[in-house]
Amino acid sequence: MNEDKPDWYSRAKKAPFSDEKFTSEMKKNVHRSVIFTDSKPKRRKHLQVGFAGGLMLLIILIAFQLPFGREEQQRAGTLPPGTEETIRAQGVTDEGRLRVIAVGQEKITTLGAPSCFGIETDMSFTGNYSVQYSTNQVTNEVTTLGDLTFIQPTSAPVDMIRLPFQAADVFILAPQYRDCHGIQIYAFAVEHETGKAVQLRFQDESLVSYFSYYRPGTTPVVKDNKLVLESTEGPGGEGSPDYKPKRMYRLDLKQGVMVLAN
């Protein structure tokens, strides 16, 4: 019967590996190869799950940091300079906006106890400030206010009181909304004709100052083109021979002065 088989049959028996057995070492190699190949998808899946979890954790941390990071810094007492522009007060005209902007760090605290300056939860801001007027994308610095303290119920910008005069809009800035005797104020004018903004001085007879005051519980008003401020009723007030329950100031825009009228 072997004689009927073709020649290639007998040659195949002499070919490489014709009598080679499938050894135990070869089985181990195949087994290791199968395990390694089968583990790749699982490892890749674990890596993908780990990466997705890490990314989700990072997003959660960022989300919590954004709204609360600045508040935590406020409780610590200072904010690093350059984080963002802090507008502490503002006033709006028909053509532009007057702003009081913090320069550098502010010292930020809470009152902690009630007083005539405010309640225990009111916030105190102390620092240096730049007063700027912006119109038609042009910003000019009006003046700087150094070592000034704001006391307000919140950190929102203080709205200045806008008073219309014939030649200008006058803005009254009260950094502290409450006081025991008189609320201290600063005044700025934006001229209608030129759009120029200036800080005003107060001239009370022989005394000239960059600030004045009005009695708590009242509001500055304009009457007959004059600024009307009610005086304090504290010691040295109504008992003084020079006491005036209301002080009226005339605007001298060329000199940049509010002059006390007789």
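The legends below describe close-up views of a predicted model.

**Figure 1. Overview of the predicted chain.** The chain has 262 residues, of which 31% are buried. Its secondary structure consists of two helices and 15 strands. Of the contacts between residues at least 6 apart in sequence, 50% join residues at least 24 apart. The accessible surface is about 17500 Å², and carbon and sulfur atoms account for 55% of that area.

**Figure 2. The largest nonpolar core.** This core has 21 residues, and L98, V100, F150, M160, L173 and F188 have the most contacts inside it. At least two core residues come from each of strand 2 (96–110), strand 3 (123–135), strand 4 (138–152), strand 7 (168–173) and strand 8 (183–191). Strand 3 supplies the largest share, five residues. Another core, of 20 residues, lies apart from this one and includes A168, I172, L200 and L260. In soluble globular proteins, nonpolar side chains tend to be buried together.

Figure 3. V142 belongs to strand 4. With neighbours within four places in sequence set aside, the contacts of V142 are L98, V131, Q132, Y133, F188, A197, V198 and Q199. The C-alpha atoms of V142 and V100 are 9.8 Å apart, with a sequence separation of 42 residues.

**Figure 4. The salt bridge between E85 and R99.** The closest N and O atoms of this pair are 3.0 Å apart. E85 is partly exposed, at a relative accessible area of 48%. R99 has a relative accessibility of 10% and therefore counts as buried. In the chain the count of salt bridges comes to five.

**Figure 5. The salt-bridge network of D94, R162 and D169.** These three residues are linked through salt bridges. Between D169 and R162 the N to O distance is 2.9 Å. D169 is buried, with 8% relative accessible area, whereas R162 is partly exposed at 34%. Side chains of opposite charge can pair when their charged atoms come close.

**Figure 6. The salt bridge between E230 and R215.** The side chains meet at an N to O distance of 2.6 Å. E230 is in strand 13 and R215 is in the loop between strand 11 (212–214) and strand 12, so the pair ties together parts 15 residues apart in sequence. Both residues are partly exposed, E230 with a relative accessible area of 24% and R215 with 23%.

Figure 7. Most residues other than glycine have a negative phi. N136 is not a glycine, yet its phi is positive, at about 50°. N136 is located in the loop between strand 3 and strand 4 and is exposed, with a relative accessible area of 69%. D224, also not a glycine, has a positive phi of about 55°. The loop that holds D224 runs between strand 12 (221–223) and strand 13 (226–230). D224 is exposed as well, at 62% relative accessible area.

Conventions. Residues are numbered from 1 along each chain as its sequence is written. This is a predicted model: local features need pLDDT of at least 70, side-chain atom pairs count only at pLDDT 80 or more; totals for chains, interfaces and linings use all residues. Side-chain values use heavy atoms; hydrogens and water are left out. A nonpolar core is a set of buried Ala, Val, Leu, Ile, Met, Phe, Trp, Tyr and Cys residues joined through side-chain atoms within 4.5 Å. Buried means under 20% relative accessible area, exposed over 50%, partly exposed in between (1.4 Å probe, protein chains only). Helices (H or I, at least four residues) and strands (E, at least two) are DSSP runs, numbered from the N terminus. Contact means heavy atoms within 4.5 Å. Accessible areas come from the Shrake-Rupley method with a 1.4 Å probe; for residues, only the protein chains shown count as cover. A salt bridge is a side-chain nitrogen of Lys or Arg within 4 Å of a carboxyl oxygen of Asp or Glu.
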